[in-house]
Amino acid sequence: MAHHSLPRKMLGHFPTPVTELDRLSRYLDGPRLLMKRDDLTGLAMGGNKTRKLEFLMADALSGNYDVVVTAGAIQSNHCRQTAAAAAVCGLDCHLVLGGSKPSQAAGNYLLDQLLGAQIHFSGDFRKGETVPEVVEELKYGGYKPYVIPYGGSNELGAAAFSEALKELDTQLADVDAHVDHIIFASSSGATQAGLIVGKKVLGRDFEITGVEIDKNGSDDRTFSERVLELTEQTAEFLGVQGGFSGSDVVSRSDYLGSGYGVVGDPERQAIALTARHEGILLDPVYSGRAMSGLIDMITRGQFTRDETVLFWHTGGTPALFAYADELLS
Ligand SMILES: *Cc1c(COP(=O)(O)O)cnc(C)c1O
């Protein structure tokens, strides 16, 4: 399928801004720092899933589905943006969230409810393991459910990030800026796979580095192996020639701390530094951890002063309100 023919349902505000992080760069005595502001995609407090959902929801609408089903952690940004996307499109939304019903509605879980999503709790599972049961129930009730995979990470979701890299490339050309490195939080993998495919499409030399967020894979392959597979699937889906290898997937597994969603000193420090030097809010689970990785790489001298590093802010800020105690301790 040719790239330009993919149906897209407009849900966000694009292009998202590219911001210069002057004061943070000077404080760290580091390279030039830019930030791609996908926290400002605009759909019910924004985030990177809005890009994926523009393609996924277009697919759901064209197939005449009447309800979308997806899954995630209790503070899933993906689930919150899916609930908003479903509302805009006039579809019902069922979310399968890990854990059990919290005593308080906070952060994304509060917003899910305001956005009208029906919520199911899945205990120890937070990656959609029990989605088939919900789908069966809905079908039994006469619905036609559209299942969006965990994190919106299939070839349609990843295609959105191939498009996003084109968007960035145009913005950089407009201001005559050259970016050497792109760093971001990587979890279900479609952001990374899409950027890798986009780089091939554009023929650019960006070094793309994902900072891994979640050490628990859904199977026994490594994170990089899963991203490579999704990269290949996405390239095939988009008709992109060339082939990929393990060396195309660069990810850092050394910033996982105590695991998914556990805030430690590095995340607290990264969030505070970015807020106090730039007035920009990161999130406790993803962008805070990825920025802690970037700060560590700068501190270890991994970039030269004349390089330019772009941090791709993937959103997630509503989760800050659910992590108040951990953030101020
Ligand atoms: C989902 C998410 C990511 C990770 O993106 P993937 O495409 O799933 O790898 C990063 N940051 C935030 C805030 C997210 O919600």
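Mentor: Start with contact, which means heavy atoms within 4.5 Å. By that rule, valine 88 touches Leu11 and Leu43, not counting residues up to four places away in sequence. Before going on, note that this is a predicted model, where local features need pLDDT of at least 70, side-chain atom pairs count only at pLDDT 80 or more, and totals for chains, interfaces and linings use all residues. Residues are numbered from 1 along each chain as its sequence is written, and side-chain values use heavy atoms, with hydrogens and water left out.

Trainee: How far apart are valine 88 and leucine 43 in sequence and in space?

Mentor: They are 45 residues apart in sequence and 9.5 Å apart in space, C-alpha to C-alpha. Valine 88 is found in helix H3. Helices (H or I, at least four residues) and strands (E, at least two) are DSSP runs, numbered from the N terminus.

Trainee: Why are H3 and H4 called roughly parallel?

Mentor: Helix H3 (residues 77–89) and helix H4 (residues 107–114) pack at an angle of about 15 degrees, with their axes 9 Å apart. Axes are lines fitted to C-alpha atoms, for helices over the stretch in contact, and angles run from 0 to 180 degrees between N-to-C directions. Angles under 35 degrees count as roughly parallel, over 145 as roughly antiparallel, 65 to 115 as roughly perpendicular and the rest as oblique. H3 and H4 are therefore roughly parallel.

Trainee: What is the label for H9 and H10?

Mentor: Helix H9 (residues 265–278) and helix H10 (residues 287–299) pack at an angle of about 85 degrees, and their axes are 8 Å apart. That makes H9 roughly perpendicular to H10.

Trainee: Is asparagine 77 buried or exposed?

Mentor: Buried means under 20% relative accessible area, exposed over 50%, partly exposed in between (1.4 Å probe, protein chains only). Asparagine 77 has 6%, so it is buried. This residue lies in H3.

Trainee: What joins the side chains of asparagine 77 and asparagine 108?

Mentor: A polar contact of 2.8 Å. The term means a pair of N or O atoms within 3.5 Å; within protein, one must be able to donate a hydrogen and the other to accept it, and residues adjacent in sequence count only if both atoms are side-chain atoms.

Trainee: What makes H6 largely enclosed?

Mentor: Of its 20 residues, 14 are buried, so the rest of the structure largely encloses H6.
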